[in-house]
Amino acid sequence: MTFPRILFLFIFIFLILVFPINSLACLSITDDLNTPNPIINASFSFQPDINPFTDCWSGAMRIRSDKNGWRLVATRVGPSSSNAEGNSQDNVMANDITLNISVQAFGQADSNGAILVSPFSSQTELSSIQSGTFIISGVKKSSNSCSSFNPSYYKVTKKLCLFRDFIFNPGAYNGQVSYILINP
Amino acid sequence: MRLNKSFIFTLIVLLILFTVPIKTFSQSATVPININVNGTLTISDASNDSSAGKNPTINVNLSITPDLGAAPATGNANFRIRTNRSNWRLTAQRTSEVDTGPTNIVAMDIALLVTTQAGTNANAMAGTLVAPFTATTDLSNISTAAPVDVVSGTAKTSTARDNTNTNNYFQINTQYSILPDFFFQPGTWRTTITYNLVSP
């Protein structure tokens with residue numbers, strides 16, 4: 001009789017330590033193909049030209065949460081170049097790239113459940129993303145499930161545009177933005 | 001027996017905790033950003049400085065009637081250069097003339113003045129005229145056999161970001177003129193000059 005009680009107590013403590021209550025809130029990011037933890041490449045290859053002025057890319061990710069409180073934060077590195085020749089001020093910089101983020105709710109997700117935080121509520125520049133920058137305040141869950149194939153989610157679309165300016169030094173520029181979904 | 005049931009129950013609980021998909025975490029997305037800026041060379045018509053005015057054909061028509069004290073007939077072809085390359089050249093080559101007169105006109109009779117200017121967001125020193133185009137010369141200096149250098153470019157044309165391409169131009173003005181000499185006979189004399197922007 002005594003041994004099972006000790007065993008259950010041990011398991012209970014183990015579960016508390018390994019699964020704190022907040023961690024039971026599920027948070028998920030997928031791409032439009034429902035791939036978890038996606039890598040979404042944003043690629044530009046252009047020549048400066050008189051017209052059209054801009055070259056744009058857009059990509060989307062899906063956010064699912066079964067808790068009402070969540071946050072999307074982002075951290076940026078670059079863009080920087082190792083082979084661009086010329087004055088470094090003429091390199092492509094983060095503030096040369098405009099950033100438009102929009103959010104749509106699908107399925108049971110509340111259309112007011114994900115709120116873009118300023119300055120991302122309107123067009124801004126990629127330079128607005130620094131380290132751990134707060135992008136979206138999630139106030140409502142998407143549904144009761146975070147399954148990758150659950151049709152209830154918040155779709156976050158990012159559009160990056162770059163002016164085809166003649167000032168830019170020819171070369172390859174690389175950078176990265178990491179988005180992380182967290183509990184408040 | 002009771003111990004075995006407890007173990008089984010515990011294992012089931014753990015199994016559920018570890019395997020239920022909704023409790024797994026996939027909470028990051030990574031967006032690598034790769035930008036390739038390629039070198040470019042553009043020429044546009046100074047009077048139609050848009051994508052529609054790229055690679056222009058600019059006609060210069062000089063009509064003369066020999067007369068005493070008459071001024072030379074003059075025409076212009078002005079075009080704008082934009083490049084983000086730091087090493088470039090503007091070359092010119094001419095087609096053999098077609099003379100329906102014969103008019104007695106030769107390439108040497110047509111004076112050529114090449115000048116440069118730059119917009120406020122452009123480098124006026126991006127390109128320099130190459131002799132003999134540094135002063136008034138004549139069309140005979142533009143060969144029909146091979147391209148000749150007219151401008152030597154040693155820097156990109158822009159000095160600042162200009163996302164409307166309004167003031168980032170390096171402009172080449174070419175002026176052609178001919179005196180209304182009584183030596184010239186009625187008819188039409190024609191040649192075509194092709195200016196090319198190249199990067200070595």
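Predicted model: local features only at pLDDT ≥ 70, side-chain atom pairs only at ≥ 80, totals over all residues.
Me: Why is B:Ala29 called buried?
Reply: Buried means under 20% relative accessible area, exposed over 50%, partly exposed in between (1.4 Å probe, protein chains only). B:Ala29 has 0% relative accessibility, so it counts as buried. B:Ala29 sits in strand β1 of chain B. Strands (E, at least two residues) and helices (H or I, at least four) are DSSP runs, numbered from the N terminus.

Me: Which residues does B:Ala29 touch, beyond those up to four places away in sequence?
Reply: Contact means heavy atoms within 4.5 Å. B:Ala29 touches A:Ile29, A:Pro38, A:Met61, A:Val177, A:Ser178 and A:Tyr179.

Me: How many residues apart in sequence are B:Ala29 and B:Thr100, and how far apart in space?
Reply: They are 71 residues apart in sequence. C-alpha to C-alpha, they are 72 Å apart.

Me: What makes B:Thr103 buried?
Reply: The relative accessible area of B:Thr103 is 1%, so the residue is buried. B:Thr103 lies in the loop between β5 (98-99) and β6 of chain B. Leaving aside neighbours within four places in sequence, the contacts of B:Thr103 include B:Phe183, B:Pro186 and B:Trp189.

Me: Why is strand β10 of chain B described as largely enclosed?
Reply: Eight of the nine residues of this strand (170-178) are buried, so the rest of the structure largely encloses it.

Me: How do you know that β10(B) pairs with β3 of chain B?
Reply: Two strands pair if DSSP finds at least two bridges between them. Nine bridges join β3 (73-83) of chain B to β10(B), so the pair meets that rule. The two run antiparallel. B:Ile81 stands opposite B:Phe170 in β10(B).

Me: How many bridges link β10(B) with β6 of chain B?
Reply: Eight bridges link β10(B) with β6 (111-118), in the antiparallel sense. B:Leu112 stands opposite B:Tyr176.

Me: What order do the five strands of the open sheet in chain A take?
Reply: The order is β1-β3-β9-β5-β7, with antiparallel pairing. β1 (27-31) and β7 (124-125) stand at the edges, each with a single partner strand, so one side of each has no neighbour in the sheet. Five bridges pair β1(A) with β3 (54-65) of chain A. A:Ser28 has A:Arg64 as its bridge partner in β3(A).

Me: How many helices and strands does chain A have?
Reply: Chain A has one helix and ten strands. Of its 184 residues, 46% count as buried.

Me: What makes a space in the model a cavity rather than a pocket?
Reply: On a 1 Å grid over the protein atoms alone, a cavity is a set of points where a 1.4 Å probe fits but cannot get out. A pocket is an open set with protein on both sides within 12 Å along at least five of seven lines. Lining residues have an atom within 4 Å of a point. Grid points are joined across faces, edges and corners, and a volume is the space filled by probe spheres set on the points. The search finds one cavity of 30 Å³ or more. The largest cavity has a volume of about 40 Å³.

Me: Which residues line the largest cavity?
Reply: Both chains contribute, with A:Trp57, A:Lys158, B:Val31 and B:Ile33 among them. The lining divides into eight nonpolar, no polar and one charged. Here Ala, Val, Leu, Ile, Met, Phe, Trp, Tyr, Cys and Pro count as nonpolar, Asp, Glu, Lys and Arg as charged, and the others, Gly among them, as polar.

Me: What is the volume of the largest pocket?
Reply: The volume is about 1,100 Å³. Of its 36 lining residues, those closest to the centre include B:Ile58, B:Asn59 and B:Thr191. β12(B) gives the most to this lining, with five residues. The lining holds 21 nonpolar, 14 polar and one charged.

Notes
Residues numbered from 1 in each chain as written. Chains lettered and ligands numbered in written order. Heavy atoms only, no water.
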